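Please walk through this protein chain with me, one region at a time. Keep the sequence and the model side by side.

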Amino acid sequence: MSAGLMGRQAERAALSQFVEAVRRGEGRAMVVRGEAGVGKTVLVDDLARLASGSGCQVIRAVGVQSEMELAFAGLHQLCAPVLDQVKGIPGPQDHALRTAFGLADGPPPDRFLVGLGVLSLLSELAGERPVICVVDDEQWLDRASVQALGFAARRLAADRVGLLFAAREPGAELVGLPELEIGGLPADDARALLATALAGPLDERVRELIIAETRGNPLALLELPRGLSQAELAGGFGLPGVTSLAGRIEDSFTRRLATLPAPTRQMLLVAAADPSGDRALVWRAARRLGIPVQHADAAVQAGLVEFGLLVRFRHPLVRSAVYQSARESDRRAAHAALAEVTDPELDPDRRAWHRAQAADGPDEDVAAELESSAGRAQARGGMAAAAAFLERSVLLTADPVRHTERALAAAQVNMQAGAFGQVLELLDRADAASLDEFQQARAELLRANVAFASGLGNGTAELLLKAGRLLEPFDLNLTRETYLSAMGAAFVTGQLSERGVLSEICRAAEALPVSPGEPRPLDLLLHGHAVLIMDGHAAAVPIMKQAAKVLTGIPVEDVLRWGWMATNAHPIVWDFEGFRGICERQVRLVREAGALAQLPLYLNQLGIVCPWMGDLAGTAALVAETESVATAIGSPIAPFTLMRLQTLQGREAEASAPITSAIEQSAAGGQGIATAWAHWMAAVLYNGLGRYEEAASVAGLAVTESLDPHFMAIWPLPELVEAAALSGDLESAGRAMERLTASTRPAGTDWALGIEARCRALLSDGADAEDLYTTAITCLGQTEVRPELARAHLLYGEWLRRARRRTDSRAQLRTAHRLFEEMGMEAFATRAARELRATGATVTKRAVTAPSTLTAQEATIARLARDGHSNPEIGTQLFLSARTVEWHLRKVFTKLGIGSRNELRAALVRHGLDSH
């Protein structure tokens, strides 16, 4: 055992258990955390030896501080050597990895798709034998690599893969992973280790002081006594705590460096300035500086560095001490020599970075080279790296015009990387006086987009309006997108105080010149919104019908830019089939494009469709998928679909918590649409429970609180009409009916006319009411909106019972009760059963098998497998490896008592989990 492993029995046992779990087929991730010098590297080296000896394949990567700006550098270290060993990675993931590594051309891959590719690569590699991935000094890994590895680490399940990270302070991407914290050695072990570093005896009091000062840190115990005389040691080692322990260790290395010959220190500086560890490259750069390679011998003999196949410093603090103790002019000279010997064809980005570090002032040639490197990083999906290259190019640019343009470009890339604070800092740094009008417009658009993406709420629509106005003279298409986004921001914010801003946006949009030729989808959508807001449904419906026809075919590029607003046209014209079609298409396109960061938004839109079809099992699966995606990408999302599911199920105890939470959080975050949605959901819940006064109150809030003319201004109205009418408030019901008719009558679809007839029947008597109820059932029967049809049967049956037509009433109520039970709408089923009993009928609950024990994720996998999707396809959709999908399916088969995929359909029906 090495000296650094003294007293590490508990830590070694934990790491041994980690390896054994992976060998058993349990995916594991762990962060080994501790201060500099505490022995993390020694422990992970020991783990690597243990894993290799037990039959595991070990692959490694090490973070290097000066390499943090090179996109996917760490991931390339880890995965590129084994990429060609694996053939089973799904095509889009394989292409994403190869693009990230610069091995293939294509659009920039989504960072989460790269992470999924890493997961698949490691899982397939582990098919032969277990794989242990060791990443040391994670705190210095480039951000793109950490994001991909953190993503993969959270998705390991039945994969024989272990991901071990060693870090001083792990990055945010690893927060929440299991941690093994490494502290100092116990006192007895610390004394034993200290004795190995001393040339002679030491006063006991001073020895205890050293142990206390170092807190048992092994590197400190070994390093700090070096270079100190017996007199200095005898005089007391401890100094006031003005310097961190890492700083004192580095100072100790610096003192040792000072004893080396000047050429040796220069050789070490060249090695410290190069993150690749390429010995041949270091030798060439040293010769460029006139340093013979034999001057490395003194550093090797001092135990500071190894010049093997790779250059390896004894510890990162040695590299830091070498670099930081050198004069600035010497550092620039080292970088200049490294740049000269770095191949501009094979490694242009590292060469550009060295040239940038060598520059002692503005240098347009280097700035342009960095700009090219940024373009290459961006093409590989390394947005953080691209931003770093551009930011450095800004610092090296003297020309004010180019300085401003590069600052804006850097801000734009930081926006794509999600570094919103850096965007604003770069915009502030840009010289406002040097901005031309187009640059000013782009700057304002970036500020507005930061506000919108950050969820800052109030004022975002106004910022987007301002940016759009500034863009008008330069880019009409971007202006239209900006005005559309401004409308969307106003809808999301939902603050009535912004009604004036919304009107201004509409006037600005309508004042734009008409595009030549046939109106494009974007033109129609923007025009339709403006007319809807300014002139109402009757005027807007013809435009929106035209828009609805063409929006279902927009290319994926438009879907990713403004497609989140494209689903609005179909609800305006009450076209449910079109609404379902566009939502399903956009989810498919976003998945295929690998734009996983945007997927939760589109899944939430699909989550509006499924419940309206009565597909509550499918909705539950969609909730599970949305949560899986949001968790995988670290992006929380409002539980709109979950609320819709729970309110239709009628489970008050479960539904109340997310409704209350949404109202509280949306009020704090300026997301008025979430408040309106929650009140709408509460209205559905209370109507199902038969608490009509409560339903009327919250439905009224949903209608009045929102600026959104599509969803929140229409969908709560039927709830308000029903609740107000059944609670005796006919005046409120009548007002709501007028607003509803203004929307349904111009649309004229079966969905619209069915809902209108059902609501109007509540305010009618005699033959008129009966005709309206039968019309509602006929119209809604032509649609896919089964819950609305069931509610029409329910209301008609209730009306017939009050008219003392018991036989007719029972027929309608039995139909309603059957439909509600089939869909799992428990509260409405109970309401129908109560009405049936009031007619004197006996109610028999539908016989179903006991509730399935499948988890939400297992149910989702089972449904996808039933529909013919392969394990890799299911894994891609749910961010799992194909092996983990197979593992889940085995559990599904066991729980459902079946033996193959062919039996899934019947088993899911039997357990009430089938949506068809």
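Which residues does N604 touch, not counting residues up to four places away in sequence? The contacts are I637, A638, F640 and T641. Bear in mind that this is a predicted model. N604 itself sits in helix 31, which covers residues 599-612. Its relative accessibility is 10%, so N604 counts as buried.

Follow one of those partners, A638. A638 lies in the loop between helix 32 (616-633) and helix 33 (640-649). With 33% relative accessibility, A638 counts as partly exposed. Now look further along the chain. A638 and A674 are 36 residues apart in sequence, yet their C-alpha atoms are separated by 7.7 Å.

Step back to the whole chain. The protein chain has 916 residues, and 56% of them are buried. Its secondary structure comes to 47 helices and 7 strands. Along the principal axes, the C-alpha atoms fill a box of roughly 110 × 65 × 50 Å. Consider the contacts with a sequence separation of 6 or more. Of these, 69% are between residues 24 or more positions apart.

Next, take a pair of helices. Two packed helices are described by the angle between their axes and the distance between the axes. Helix 18 spans residues 364-379, and helix 19 spans residues 383-395. They pack at an angle of about 170°, and their axes are 8 Å apart. An angle over 145 degrees counts as roughly antiparallel. Helix 18 and helix 19 are therefore roughly antiparallel to each other.

Which residues make this contact? Helix 18 brings A367, L370, E371, S373, A374, A377 and Q378. Helix 19 brings M383, A385, A386, F389, L390, R392 and S393. By class, the contact holds 9 nonpolar, 3 polar and 2 charged residues.

Stay with helix 19. The buried set is M383, A385, A386, A387, A388, F389, L390, E391, S393 and V394. What do these buried residues pack against? They meet helix 17 (348-358), helix 18, helix 20 and helix 21.

At the start of helix 20, a side-chain oxygen of D399 reaches to within 3.2 Å of the backbone nitrogen of V401. After helix 20 comes G418, whose phi is positive, near 80°.

Now turn to what is hidden. The buried residues in helix 20 are H403, T404, R406, A407, L408, A410, A411, V413, N414, M415 and A417. An α-helix has 3.6 residues a turn, so residues three or four places apart point the same way. What covers the buried residues of helix 20? The cover includes helix 6 (143-155), helix 18, helix 19, helix 21 (420-429) and helix 22 (437-453).

W574 has a positive phi, near 55°, in a residue other than glycine. W574 is in the loop between helix 29 (569-572) and helix 30 (576-593). Is W574 buried or exposed? At 3% relative accessibility, W574 counts as buried. R804 also has a positive phi, about 65°, although it is not a glycine. R804 is in the loop between helix 41 (786-802) and helix 42 (806-823). R804 is exposed, with a relative accessible area of 76%.

Finish at L730, in helix 38 (residues 730-747). L730 counts as exposed, because its relative accessibility is 51% and the cut-off for exposed is over 50%. Leaving aside neighbours within four places in sequence, L730 is in contact with A724, A725 and L763. L730 and L762 are 32 residues apart along the chain, and their C-alpha atoms are separated by 9.3 Å.

Definitions and conventions
Residues are numbered from 1 along each chain as its sequence is written. This is a predicted model: local features need pLDDT of at least 70, side-chain atom pairs count only at pLDDT 80 or more; totals for chains, interfaces and linings use all residues. Side-chain values use heavy atoms; hydrogens and water are left out. Axes are lines fitted to C-alpha atoms, for helices over the stretch in contact, and angles run from 0 to 180 degrees between N-to-C directions. Helices (H or I, at least four residues) and strands (E, at least two) are DSSP runs, numbered from the N terminus. Angles under 35 degrees count as roughly parallel, over 145 as roughly antiparallel, 65 to 115 as roughly perpendicular and the rest as oblique. Contact means heavy atoms within 4.5 Å. Ala, Val, Leu, Ile, Met, Phe, Trp, Tyr, Cys and Pro count as nonpolar, Asp, Glu, Lys and Arg as charged, and the others, Gly among them, as polar. Buried means under 20% relative accessible area, exposed over 50%, partly exposed in between (1.4 Å probe, protein chains only). A polar contact is a pair of N or O atoms within 3.5 Å; within protein, one must be able to donate a hydrogen and the other to accept it, and residues adjacent in sequence count only if both atoms are side-chain atoms.
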